[in-house]
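This report describes one protein chain from its sequence and its coordinates. Please keep both in view while reading.

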Amino acid sequence: MRGLTHSKIPRATARHATTMTTIAFGHGERARTAAPLRIAIIRNHHHQDCIGAARSYVDIVISHIYLMLFVKAHRTILRRSTRNVCLRSTIWAAASVLCNVATAVNAPTSTQSCNSSSMAVPSYPLVAKWRQSHDSWVLRFALPTGRKYLGNDPSLPTCISVHHNSSFDEDDKLLKKSYSPVSHPAAEGIFDLLVKSYTPIPGGGVGDAICNLQPGQHLVGKLKSERMVHGSPIISKRWDRIGLVAGGTGVAPLVQIIRIVLDDPTDNTKIYMLSINRYEKDILMRDELDKLAKDHPDQFFVKYSLTGENVRKEWDGYTGRGSADMARQVLPPPSAKDGTQSTMIFVCGTDGFRDMWAGPVARAPPKADGSKGAKIQGPLLGVLKDAAYDASDVFKY
């Protein structure tokens, strides 16, 4: 069976011996090295005899044959057109189901799991989608059975790292991109993502793949750790005033903050938002933001600024990417020196947008596993520094 490698079945006399089976599929004689499909099935043998072990091994091999059929479909069908890249997640999800089946067919006394990082990542079926702008969508995904909320604490903001296999190279490079839901963390059974579709390029294409998903197809992603905002992930009732500066799709995590505060009748925090976009057609979540401002006229205030050329004369908002004067007019004042009134300004957008408003975010040294180090807020610079805010008043996404 070409492309299949496996370890030998251990002797059944070892009480805690393990069986590890790994499948690596590749093009022709070569197994993939960058992003192989590896499925590890681990079982503990509790004084099993050789017949029981052999029987389990046969079950595993049969399941692996089914998995090979899915991977072959993945290679021969999806690679023909980048337009079909959105189907890739469906095949990975089906393979994940088969992997779970493979681990369930053995004796109940055994402990088994899919030990591959790609297979351990959960998938979420798309249940609905609607356009947010000419190039953006809001997509609603269902949570796995038995899971009530996306996050562990429904009062805290959430973020999901979406996993996508790029179709631009031979190795199907695994790409990851983080998205903050625009739904409330306490939404039961679902979560909504605001996603902008960019033209796929080598090393990219996650947004395009998500936007091209159809109901019933799956998103593969992993819940990220709680975001620490100056030492705590808590948002509700923490400050007297919150200021939000959003550039384009940077509005997404800020909408979640708005929902957390406004949906709590005991939270009296006032929120001041500035959404900056190129043209009016690019303003994301505008209807939702305007409705929230209308429903909470004494608590939520939103203003818009356009940076494009030829802004219509009737436009009654601001123009430009931002300035200290704009910040003073729209955002709440800095925290009071005597501690009587506290302010937190959140800034989210492209790296260049964030740097202009508050300065760059630094990184701690890489972790032992080679992954990126934690983000460090760094010194406050840019517009907000010019507007006399303190670094303790600002959080940079």
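Two residues are said to be in contact when heavy atoms lie within 4.5 Å. By that criterion, and leaving aside neighbours within four places in sequence, Pro122 is in contact with Arg147, Leu219, Val220 and Gly221. The model is a predicted one: local features need pLDDT of at least 70, side-chain atom pairs count only at pLDDT 80 or more, and totals for chains, interfaces and linings use all residues. Residues are numbered from 1 along each chain as its sequence is written, and side-chain values use heavy atoms, with hydrogens and water left out.

**The chain as a whole**

The protein chain has nine helices and 18 strands. Helices (H or I, at least four residues) and strands (E, at least two) are DSSP runs, numbered from the N terminus. Of the 397 residues, 47% count as buried. Here buried means under 20% relative accessible area, exposed means over 50%, and partly exposed lies in between (1.4 Å probe, protein chains only). The accessible surface comes to about 19,900 Å², and 54% of this belongs to carbon and sulfur atoms; the areas come from the Shrake-Rupley method with a 1.4 Å probe, and for residues only the protein chains shown count as cover. Among contacts between residues at least 6 apart in sequence, 67% join residues at least 24 apart.

**Pro122 and Cys348**

Pro122 sits in the loop between α3 (117-120) and β5. With 27% relative accessibility, Pro122 counts as partly exposed. Cys348 belongs to strand β15 and counts as buried, at 10% relative accessibility.

Beyond its neighbours within four places in sequence, Cys348 is in contact with Val245, Ala246, Gly247, Gly250, Pro253, Leu254, Phe353 and Tyr397.

How many disulfides does the structure hold? It holds zero, a disulfide being a pair of cysteine sulfur atoms within 2.5 Å. For Cys348 the closest cysteine sulfur is that of Cys159, at 9.4 Å, which is too far for a bond. Cys159 is also buried, at 8% relative accessibility.

**Thr158**

Thr158 lies in the loop between β6 and β7 (160-165). Its relative accessible area is 9%, so Thr158 is buried. Leaving aside neighbours within four places in sequence, Thr158 is in contact with Leu150, Gly151, Ser180, Pro181, Pro185, Leu223 and Gln256.

**Strand β6 and its partners**

Strand β6 (residues 136-142) is largely enclosed by the rest of the structure, because six of its seven residues are buried. Two strands pair if DSSP finds at least two bridges between them. Strand β5 (residues 123-133) pairs with β6 in the antiparallel sense over six bridges, and a hairpin joins β5 to β6 through two residues. Ser133 stands opposite Ser136 in β6. Strand β9 (residues 190-196) also pairs with β6 in the antiparallel sense, over seven bridges. In that pairing, Val138 has Leu194 of β9 as its bridge partner.

Which residues of helix α6 (residues 286-295) are buried? They are Leu289, Leu292 and Ala293. These residues cover an arc of only 100 degrees around the axis, so they are on the same side of α6; the arc is that of the directions from the helix axis to the C-beta atoms. The face turned away from this buried side carries the exposed residues Asp287, Lys291 and Lys294. The cover over the buried residues of α6 includes α5 (251-262), β12 (270-277) and β13 (300-306).

A nonpolar core is a set of buried Ala, Val, Leu, Ile, Met, Phe, Trp, Tyr and Cys residues joined through side-chain atoms within 4.5 Å. The largest one has 36 residues, of which Met273, Phe300 and Phe346 touch the most other members. Two or more residues of this core come from each of β11 (241-247), α5, β12, α6, β13 and β15 (343-348). The largest contribution is that of α5, with nine residues. Apart from neighbours within four places in sequence, Met273 is in contact with residues that include Leu244, Ile258, Leu289, Phe300 and Val330.
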